[in-house]
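Try each task before reading its solution.

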Amino acid sequence: FCFAFLSSFFCYKSIEQQELERAKAKAELLNLKYQLQPHFLFNILNSVYSLTILKSDEAPEGILKLSSVMRYVVQESGQDLVELSKEIQYLKDYISLQLIRTDNSLDFSYTEIGEPKDLKISPLILVNFIENAFKYGFNAEENSKIAIKIVVKEKILNFNIFNHIVSEKTAG
């Protein structure tokens with residue numbers, strides 16, 4: 001009886017420990033997602049603000065894209081999986097906002113092939129690659145190129161990003 005009791009107690013504690021580790025990992029991932037967003041948000045708000053000062057026709061579209069991106073982050077990022085089509089639309093809106101900041105001096109291409117029907121993906125998992133491509137692959141003082149290609153074929157996602165690594169921007 002004692003052996004059975006101790007065995008089940010240790011099994012229970014082991015399962016409990018695994019649950020705690022999973023919850024901790026999930027909380028750390030969620031924390032990381034939220035840490036990345038404020039930096040992006042402030043940069044985009046500054047860009048949209050500049051457009052409004054210039055009375056640019058792009059300002060309302062920028063505000064709409066920012067609203068869409070924020071809605072996605074708030075509503076979808078807490079889920080384990082989201083529809084791939086929603087994630088791709090989020091990426092397109094995110095890219096549009098980043099392109100506002102490039103002042104059209106970037107050689108940029110985006111290709112999407114295939115239908116993401118009935119496919120799911122972890123939310124916000126791809127955006128970090130795009131964020132890094134813009135962070136390290138764009139400098140208005142250099143030849144900068146970023147190419148993004150998304151291919152969905154037979155329930156397989158192929159996600160490619162190409163960028164030149166440019167010199168760090170210097171504050172002057």
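This is a predicted model: local features need pLDDT of at least 70, side-chain atom pairs count only at pLDDT 80 or more; totals for chains, interfaces and linings use all residues.

**Exercise 1.** Does Lys 92 count as buried, partly exposed or exposed, and what is its relative accessibility?

Residues are numbered from 1 along each chain as its sequence is written, and side-chain values use heavy atoms, with hydrogens and water left out.

Step 1: recall the classes, which are buried (under 20% relative accessible area), exposed (over 50%) and partly exposed (in between), with a 1.4 Å probe and protein chains only.
Step 2: Lys 92 has 31% relative accessibility, so it counts as partly exposed.

**Exercise 2.** Find the salt-bridge partner of Lys 92 and say which elements the pair ties together.

Step 1: look for a salt bridge, meaning a side-chain nitrogen of Lys or Arg within 4 Å of a carboxyl oxygen of Asp or Glu.
Step 2: Lys 92 meets the side chain of Glu 112 at 3.1 Å, N to O.
Step 3: Lys 92 is in helix α3 (residues 84-102) and Glu 112 in strand β2 (residues 107-113), so the bridge ties together parts 20 residues apart in sequence. Helices (H or I, at least four residues) and strands (E, at least two) are DSSP runs, numbered from the N terminus.
Step 4: Glu 112 counts as partly exposed, at 31% relative accessibility.

**Exercise 3.** Work out which residues of helix α2 are buried and how they are arranged around its axis.

Step 1: α2 covers residues 58-76, 19 residues in total, and reaches 26 Å from its first C-alpha to its last. That is close to the expected 27 Å, the expected span being 1.5 Å times one less than the number of residues.
Step 2: the buried residues of α2 are Ala 59, Gly 62, Leu 66, Val 69, Tyr 72, Val 73 and Glu 76.
Step 3: seen down the axis, these buried residues fall within an arc of 160°, so they line one face of α2; the arc is that of the directions from the helix axis to the C-beta atoms.
Step 4: the face turned away from the buried side carries exposed Pro 60, Leu 64 and Val 74.

**Exercise 4.** Describe the salt bridge between Glu 61 and Lys 65.

Step 1: their side chains meet at 3.7 Å, N to O.
Step 2: both lie in α2, 4 residues apart, about one turn of the helix.
Step 3: Glu 61, Lys 65 and Asp 93 are linked in a network of salt bridges.
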